[in-house]
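The sequence and the structure are shown first.

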Amino acid sequence: MAKRSTKPTSEPQAVATLDIALRNRHGMQMRVRRWRKGLPGTATPLFLLPNIDRDLTDLEPLAKAATGAFTQSRDVYALDWRGRGQSEDGAGKLGFGLDCDGDDFVDAITGLGLAHAHVIGAGYGGLVAMQLATSRPGFFKSLTMNDTSPRLDSDGIARAQYWKRRLGKLSTWDAATDVLKTNLASRQPGWSDDEWKLLARALFKQSDGAHSPLDLSYSKAFRRYYLALGEDEAIETQWQNFSGLRKIPMLIIASEHTSTLDPDTLMAMRRMRAEAGGFTRTIVAKGQGTVPYLHGKGLMEALSAFIDEVERSA
């Protein structure tokens with residue numbers, strides 16, 4: 001799976017950003033982004049996996065912060081899921097979901113030539129990572145599950161579907177931010193204006209220039225799949241996959257106001273890890289709602305401390 005092309009993007013900071021176009025096993029183009037500070041990283045890279053309905057721009061602040069947050073320099077990568085951001089979807093003919101996105105993740109790390117990584121999955125991204133880790137545990141130096149639960153939050157998906165089904169095209173970025181605040185403010189009580197704007201940029205796009213209306217930042221085929229999720233197919237729990245990760249060091253991040261990772265589920269995860277003897281750390285993100293951003297509020301420091309601890313104990 002050859003690298004098709006690379007496209008550098010300019011950054012005012014010292015962090016260099018590179019968009020890499022790869023082809024998956026079906027010939028569809030995938031966008032991977034690499035962040036690098038200075039010379040190529042000398043330590044194991046990070047690979048960031050976005051939530052189900054977002055593209056990799058949602059992870060940009062975390063990626064930039066992570067390039068300089070460790071004792072040794074390391075590169076950071078992220079992937080647009082099929083039909084989201086700038087990754088193609090073949091008009092939806094080859095499907096979506098955990099198996100498809102897991103295959104694309106494998107094709108991405110193969111195309112990049114990565115042997116190992118510390119993987120950080122946001123929500124759904126953690127489920128994809130969990131599934132892949134059962135078949136390729138050697139790739140994972142560690143796994144951070146950011147508000148990811150083996151018990152899928154079908155109620156949360158239904159709430160997101162409800163307001164997105166009724167969403168028309170928006171005229172400005174301010175309008176997009178206001179829509180998000182109206183629908184999600186009770187679930188993100190601690191967010192700043194910058195965080196709301198970041199979410200808007202990850203969920204919406206302008207397809208026809210700077211003055212065109214905004215629409216959701218994924219393909220029509222994925223939109224049909226996502227808005228029907230849970231109706232035409234069962235949403236399965238992932239406890240079996242989770243139980244198979246005992247040898248992989250894990251950081252579990254649970255938000256204080258999440259509907260995804262409730263206290264009973266978190267307790268069950270911690271108990272299962274303890275019984276299996278797995279290296280596990282847990283953080284509760286105070287004041288945060290579903291799938292918190294990790295680049296601020298002390299979470300970046302906790303993440304870097306966990307990865308440094310994993311590497312010291314290896």
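Ser87 has a relative accessible area of 7%, and because the cut-off for burial is under 20%, Ser87 counts as buried. The model is a predicted one, and in it Ser87 lies in the loop between strand S5 (76–79) and helix H2 (98–112). When neighbours within four places in sequence are left aside, the contacts of Ser87 are with Gln29, Met30 and Arg31, and also with Asp80, Trp81 and Arg82.

**Nonpolar cores**

The largest nonpolar core holds 68 residues, and those with the most contacts inside it are Phe47, Phe105, Val119, Phe140, Leu143, Leu180 and Phe204. Helix H3 (residues 124–135) supplies the largest share of this core, namely seven residues. In soluble globular proteins, nonpolar side chains tend to be buried together.

Which residues does Val119 touch, once its neighbours within four places in sequence are left aside? Val119 is in contact with Phe47, Leu49, Phe105, Ala129, Phe139, Phe140, Ser142, Leu143 and Thr144.

**Packing of H5 and H6**

Helix H5 (residues 173–184) packs with helix H6 (residues 193–203) at an angle of about 105°, the two axes being 9 Å apart. Since angles of 65 to 115 degrees count as roughly perpendicular, H5 and H6 are roughly perpendicular to each other. On the side of H5 the contact is made by Trp173, Ala176, Thr177, Leu180, Lys181 and Leu184, while H6 contributes Asp193, Trp196, Lys197, Leu199, Ala200, Arg201 and Leu203. By class, the residues of this contact between H5 and H6 are eight nonpolar, one polar and four charged. Leu180, one of the H5 residues in this contact, is also among the residues with the most contacts inside the largest nonpolar core.

**The chain as a whole**

The chain comprises ten helices and eleven strands. Some overall values follow.

| Property of the chain | Value |
|---|---|
| Radius of gyration | 18 Å |
| Box filled by the C-alpha atoms, along the principal axes | roughly 50 × 45 × 40 Å |
| Residues that count as buried | 54% of 314 residues |

For a compact globule of 314 residues the radius of gyration would be near 20 Å, so the value of 18 Å for the chain agrees with that expectation. Of the contacts in the chain with a separation of 6 or more, 72% are between residues 24 or more positions apart.

Methods
Residues are numbered from 1 along each chain as its sequence is written. This is a predicted model: local features need pLDDT of at least 70, side-chain atom pairs count only at pLDDT 80 or more; totals for chains, interfaces and linings use all residues. Side-chain values use heavy atoms; hydrogens and water are left out. Axes are lines fitted to C-alpha atoms, for helices over the stretch in contact, and angles run from 0 to 180 degrees between N-to-C directions. Helices (H or I, at least four residues) and strands (E, at least two) are DSSP runs, numbered from the N terminus. Angles under 35 degrees count as roughly parallel, over 145 as roughly antiparallel, 65 to 115 as roughly perpendicular and the rest as oblique. Contact means heavy atoms within 4.5 Å. Ala, Val, Leu, Ile, Met, Phe, Trp, Tyr, Cys and Pro count as nonpolar, Asp, Glu, Lys and Arg as charged, and the others, Gly among them, as polar. A nonpolar core is a set of buried Ala, Val, Leu, Ile, Met, Phe, Trp, Tyr and Cys residues joined through side-chain atoms within 4.5 Å. Buried means under 20% relative accessible area, exposed over 50%, partly exposed in between (1.4 Å probe, protein chains only). The radius of gyration is taken over C-alpha atoms; the globule rule is 2.2 Å times the number of residues to the power 0.38.
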